[in-house]
Amino acid sequence: MADRRFEHALTVKVTTEMRDDMDRALRRLDGTIIRTRSEFLRSTLQYCLDVLTESNGGSPVSLEERIRRVLSA
């Protein structure tokens, strides 16, 4: 499966509770590469996409590749 860049945007409405949950998660991730809410959302969505790809016969994505994808946005 080749990487493709799509010209689509995902708009997520974040409630106050969701924002508080992300802030709590970010405090737990202190000292990692994930520092902002947008990086948290990108890494979470990338992980979900990778799991879906792998479960549908795709190849697993390495941690280094996942980091590159999250930080390239």
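Mentor: Arg 37 makes a salt bridge with Asp 23, and their closest N and O atoms are 3.0 Å apart. Keep in mind that this is a predicted model.

Trainee: Why is the contact of Arg 37 with Asp 23 called a salt bridge?

Mentor: The cut-off is 4 Å between a side-chain nitrogen of Lys or Arg and a carboxyl oxygen of Asp or Glu. Here the closest N and O atoms of Arg 37 and Asp 23 are 3.0 Å apart, so the pair counts as a salt bridge. In general, side chains of opposite charge can pair when their charged atoms come close.

Trainee: What parts does the pair tie together?

Mentor: Arg 37 sits in helix H2 (residues 37-55) and Asp 23 in helix H1, so the pair ties together parts that are 14 residues apart in sequence.

Trainee: How do you know whether Asp 23 is buried or partly exposed?

Mentor: Buried means under 20% relative accessible area, and exposed means over 50%. Asp 23 has 22%, so it is partly exposed. Arg 37, with 35%, is partly exposed as well.

Trainee: How many salt bridges does the structure hold?

Mentor: Two. Asp 21 forms one with Arg 24, where the closest N and O atoms are 2.3 Å apart. Both residues lie in helix H1 (residues 16-28), three residues apart, which is about one turn of the helix.

Trainee: Which residues of H1 are buried?

Mentor: Met 22, Ala 25 and Leu 26. Looking down the axis of H1, you find its buried residues within an arc of 100°, so they line one face of the helix. That buried set packs against H2. On the other side of H1, Glu 17, Arg 27 and Arg 28 are exposed.

Trainee: What makes the span of H1 close to the expected one?

Mentor: H1 has 13 residues, and 18 Å is expected at 1.5 Å a residue. From first C-alpha to last, H1 reaches 19 Å, close to that value.

Trainee: And over in H2, why is Ser 43 called buried?

Mentor: Ser 43 belongs to helix H2.

Key
Residues numbered from 1 in each chain as written. Predicted model: local features only at pLDDT ≥ 70, side-chain atom pairs only at ≥ 80, totals over all residues. Heavy atoms only, no water. Helix = DSSP H or I, 4+ residues; strand = E, 2+ residues; numbered from the N terminus. Buried < 20%, exposed > 50% of the residue type's maximum accessible area, 1.4 Å probe, protein only. Expected span 1.5 Å × (residues − 1). Arc of directions from axis to C-beta. Contact = heavy atoms within 4.5 Å.
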